Amino acid sequence: MISCTNKFEREKSLIEYLTMSHGIDVTNETYVVIHQTNFCNSCTEEIVNYFNNELSKNTQKKWKVILTSPRQDLELRYLKHSNVELLIDNDFLLEKHGLAMSYDLFFIIKEGKVTNWARVKDNNLEALDVFFVN
Amino acid sequence: MGKLIHIIILAICFTCCSNTRPKYKKISTFSNIDEYVIDSILIDSTKTLSNSMSLYSSCSQCSKERLITINQNLNLLFCFNLKTQKREWVKKLEDVGIIPKHGLVNEIFYHKEDSIFIKQEYAISIIDSNGIKFFTSINSEDQKVKEKRIYNNNGYSEIHYEPTNKRIYFSAYSFESGITEKEFYDYSIESYYDMNSKQIINIPITYHKLYFKRFYGNLIQVTRAFNKDKILYGYPITEEIIEYDVNNRTTTLIESEKSNLDLKNTKPFKVKNANDFELKMRHMIASQSYEKLLYDDNRNFYYRFYSPHIPLKNDDGSYNSYGDKPNTVIIYDKDFNRVTELNLKRRKYSSSNTFVMKRGLAIGKNHYKNNDYDSNTISYDIIKFPN
């Protein structure tokens, strides 16, 4: 699902999680990716490649990439980008905030609100391009 | 005439009830597991195991307490001695004849020292220290189309060998019907390979009839236990057990006692959301489920794990995940009267990683939220309830 208009049902929890658990400033525009590394069909090679590509193209944007558990291979890939802050959810706080789901998530956040968001799967990656058109 | 009618009515009543065991009320207590932990197992398995350790089997007829497990990433088969708490041997799967051509290994059963049963997607093998001593193919495309059946595990019903009749039991499900269709549940879910006749025979065991009427999402994991010539089947949404008599080929519905925490029926799941995995996960979190069933032939007890309903969201605004669900283990006597129910500590034990030993019931401590669990170890508590 790609959504410009449907509200993310747990927006309040998401903002709380980002600000209180990780001290992230959500006033300026920020891209957030949550990789559900514990789920089989999430966090696939295709999805990770896609976001790494977009990171390379959108170097002026601030990105936060959150992994639900440590993954050395992903950490190494994302840490190559200077515009990424990589976070690992070691204490299951994503679950506590209702954000551990069976699919990866992508958000654009501005002024403390989710302006756009998407459930990310292998078969909808092209549809995400709309978020990165300048 | 009046007496005759009375006798006929009584006869009818006995006939109707002959395939159901009556429920007996018994007072039972709710205890804490800590009171019954008699021992622990802790084995250093650094660099040998994948973290999940989902494939394991304790030896049913070995002279020593042993456990085998597989590291799918490294294609290695390990054997651990549970008494000495050391690794006894390790073998490459290929070296014992288990090759990728026959698919991933998805089930294992450790019968005795010279008999390990390994089920792959397309084959069942028995190996000993020299390699494969028995092999049969399953799930070929021809077979699937002809029989419209897939031999695959649908829960906690792993491959099992019964030496008395020389039968290898394994689960199955319909190749044709989807999980929202009644035909998926009103279908034989167990087969065995008869080593004498070399044939696969289907057993007339289906899902519990509750599944025929409503859809329950992901709550479809069947569990089973073997007790001599009886096989007992459990289903997540009900405390009732279906018993199959292997010799008479009859089934009996056992109205076992509920968990102390079973206060309301499981809600069905909307068919229109059948493809929404996230909603199905939430349904699983919020629903109760009767889980793994085990028989302890040393103490003549049945153990059944249970997980109650919990809310998706707590009063403080935090959400619950599947790992936040508490667990109990219900201990039943041979007639499925509840002897007691033990409260397992939250986020410590993995109720799916359990097996019966001579010493007692071993329960894995590898809950993914257990901060005290080191994933480089194999770790169990052994509980023993007095009989």
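Between chain B and chain A of this predicted model, 6 residue pairs are in polar contact, counting pairs with both residues at pLDDT 80 or more. On the side of chain B that touches chain A, the residues split into 5 charged, 3 nonpolar and 2 polar. Salt bridges turn up here too: the rule finds 2 of them across the interface of chain B and chain A. One pairs the side chain of B:R282 with that of A:E9, with N to O at 2.8 Å.

As for the extent of the interface, chain A brings 14 residues to the contact and chain B brings 10 residues. Putting the two chains together buries about 1100 Å², and carbon and sulfur atoms account for 51% of that area. Within chain B, the residues that lose the most area to chain A are B:E278, B:R282 and B:Y319, which together make up 54% of what that side buries.

Moving into chain A, helix α2 covers residues 45-57. The buried residues of α2(A) are A:I47, A:V48, A:Y50, A:F51, A:N52, A:E54 and A:L55. The cover over these buried residues comes from several elements of chain A, including the strands β2 (30-35), β3 (62-67), β4 (84-88), β5 (104-110) and β6 (113-120), along with the helix α3 (72-78).

Back in chain B, two loop residues have backbone angles worth a look. Most residues other than glycine have a negative phi. B:N75 is not a glycine, yet its phi is positive, at about 55 degrees. This residue sits in the loop that links β5 (66-71) to β6 (76-81) of chain B. B:F336, also not a glycine, has a positive phi of about 65 degrees, and lies in the loop between β25 (327-332) and β26 (338-344) of chain B.

Where do B:N75 and B:F336 stand on exposure, buried or partly exposed? With a relative accessible area of 34%, B:N75 is partly exposed. B:F336 has a relative accessibility of 1%, and since buried means under 20%, B:F336 counts as buried.

Methods. Residues are numbered from 1 along each chain as its sequence is written. Chains are lettered from A and ligands numbered from 1 in the order in which they are written. This is a predicted model: local features need pLDDT of at least 70, side-chain atom pairs count only at pLDDT 80 or more; totals for chains, interfaces and linings use all residues. Side-chain values use heavy atoms; hydrogens and water are left out. Contact means heavy atoms within 4.5 Å. Buried area is the accessible area (1.4 Å probe) that two parts lose on being put together, summed over both. A salt bridge is a side-chain nitrogen of Lys or Arg within 4 Å of a carboxyl oxygen of Asp or Glu. A polar contact is a pair of N or O atoms within 3.5 Å; within protein, one must be able to donate a hydrogen and the other to accept it, and residues adjacent in sequence count only if both atoms are side-chain atoms. Ala, Val, Leu, Ile, Met, Phe, Trp, Tyr, Cys and Pro count as nonpolar, Asp, Glu, Lys and Arg as charged, and the others, Gly among them, as polar. Helices (H or I, at least four residues) and strands (E, at least two) are DSSP runs, numbered from the N terminus. The expected span of a helix is 1.5 Å times one less than its number of residues. Buried means under 20% relative accessible area, exposed over 50%, partly exposed in between (1.4 Å probe, protein chains only).
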